[in-house]
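The structure is shown first.

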Amino acid sequence: MSDEATTDEEKGIFGGLFVNKHVEYIKSLDKRHDEIEYWMTEHLRISGIYWGLVALHLLGRENELDRDKIIKYVKSCQNTDGGFGGHTGHDSHLLYTMSAIQILVMYNVLDQINGDKIIAFVKSLQDESGEVSGDCWGEKDTRFAFISVAILSFFHAVDQFNMDGVIEYVRRSMNYDGGFGSQPGGESHSAQVYTCLAALAIAGRLDIVDRDRLSGWLAERQLKSGGLNGRPQKLEDACYSWWVLSSLKILGRVHWVDRQRLCAFILSAQDTEDGGIADRPGDIADVYHTCFGICGLSLAGFDKYPLDEIDPVYCMPVRIAERAGLRSWMNN
Ligand code: GRG
Ligand code: ZN
């Protein structure tokens, strides 16, 4: 920002969105080596890069990160089993494999890694019943059902998977309220709802969802503050702007929440001094909530700044999902 900047727009503030501050915040994350958070989040560094890159894309400022350095780093996180760890030398996990691939797709360099090894890694995590684990230690979760299907779809290889088994696993995790839990019998939670809907969307099986019932449950997540919670009786949190709204977007019912009040809540959770967005006003900002807060603004149609449009299934810009041939889920 120049010293002479006087208007909000010159300072990079648009309708209350502190664009320049958020860009500087994201760019600073790689340099904060003297902060405890930097070292405590090492195990998920690759996801941190993914969240930062998505946020920058939506703000139209993706070129502000060092592309070559990031691509080299992502490649360094791949292990001999084909999967990626959260940092160089860390064990493979589906969560980080997903983030790594999303970064490579955003940089349009997916062809620079060995896709067959990744496909083999993903296939090794599905059991005979169709359930999917996150890593070789066997924790099963509907999050991993989505991630496995999504990763295979990046390589246009879903036909190599037991898709009927995955769909049955997701269907068994559906509850009477229309929502989904982390496993059969698990409480409905909006983040799990997103993963299950996204998996079904890619599989072309949204027909098994009770759209009205589930959309009603999702709309009830909006509280007086305008913010959304993840499940009944819980606090609002900026990240649910993504988990809830992406779900409603997949179901074609984003208008079932008050989008203006939601935008106001997200903006109220910004750190207007140092940049970044927190879970709720007054808390410390982090890159995860910064990413999903901005994703929420994009889905909610915030129109004071030209935010890029986000794909609600893949959580990356629509134009990138289009370039990668990933938009056929919309035919559901
Ligand atoms: C491509 C966007 C994208 C994601 C990949 C990682 C992933 C798939 C999904 C994660 C979904 C997620 C955040 C699951 C957590 C669900 C859960 C049970 C959270 C409960 O956390 P609490 O109890 O939060 O701390 P609440 O708000 O319920 O109090
Ligand atoms: Zn949160």
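Which residues in helix 5 are buried? In this predicted model, the buried residues of helix 5 are Leu94, Leu95, Tyr96, Thr97, Met98, Ser99, Ala100, Ile101, Gln102, Ile103, Leu104 and Met106. Because 12 of its 13 residues are buried, helix 5 is largely enclosed by the rest of the structure. The cover over these buried residues includes helix 3 (45–58), helix 4 (67–76), helix 6 (115–123), helix 7 and helix 14 (318–323). The length of helix 5 agrees with expectation: at 1.5 Å a residue its 13 residues should span 18 Å, and its end C-alpha atoms are 18 Å apart. Just after helix 5, asparagine 108 adopts a positive phi of about 60°.

The secondary structure of the chain consists of 14 helices and 2 strands. Its radius of gyration is 19 Å, close to the 20 Å given by the globule rule for 332 residues, so the chain is as compact as a globular protein of that length. Further values for the chain are tabulated below.

| Property of the chain | Value |
|---|---|
| Box filled by the C-alpha atoms, along the principal axes | roughly 65 × 45 × 35 Å |
| Share of the 332 residues that count as buried | 51% |
| Share of contacts between residues at least 6 apart in sequence that join residues at least 24 apart | 65% |

The largest nonpolar core holds 108 residues, of which Val54, Val149, Ala150, Ala198, Ala199 and Cys295 touch the most other members. Helix 9 gives the most to this core, contributing 11 residues. Beyond its neighbours within four places in sequence, alanine 198 is in contact with Phe146, Ala150, Ile250 and Val313.

Around ligand 1 there are 14 residues, and His189, Ala191, Gly230, Lys234 and Cys315 come nearest. Helix 5 (94–106), helix 7 (142–154) and helix 9 are the elements that each give two or more residues to this shell. Sorted by class, the shell comprises 6 nonpolar, 4 polar and 4 charged residues.

Aspartate 207 is located in the loop between helix 9 (190–203) and helix 10 (211–219). Is aspartate 207 buried or exposed? Aspartate 207 counts as exposed because it has 8 C-beta neighbours inside 10 Å, and the limit for an exposed residue is 12 or fewer. Although 125 residues separate aspartate 207 from asparagine 332 in sequence, their C-alpha atoms are 7.8 Å apart in space.

Note on methods
Residues are numbered from 1 along each chain as its sequence is written. Chains are lettered from A and ligands numbered from 1 in the order in which they are written. This is a predicted model: local features need pLDDT of at least 70, side-chain atom pairs count only at pLDDT 80 or more; totals for chains, interfaces and linings use all residues. Helices (H or I, at least four residues) and strands (E, at least two) are DSSP runs, numbered from the N terminus. A residue is buried if 20 or more other C-beta atoms lie within 10 Å of its own, exposed if 12 or fewer, and partly exposed in between; C-beta atoms are placed from the backbone. A residue is near a molecule or strand if its C-beta atom, placed from the backbone, lies within 6 Å of it. Ala, Val, Leu, Ile, Met, Phe, Trp, Tyr, Cys and Pro count as nonpolar, Asp, Glu, Lys and Arg as charged, and the others, Gly among them, as polar. A nonpolar core is a set of buried Ala, Val, Leu, Ile, Met, Phe, Trp, Tyr and Cys residues joined through C-beta atoms within 7 Å. Two residues are in contact if their C-beta atoms, placed from the backbone, lie within 7 Å. The expected span of a helix is 1.5 Å times one less than its number of residues. The radius of gyration is taken over C-alpha atoms; the globule rule is 2.2 Å times the number of residues to the power 0.38.
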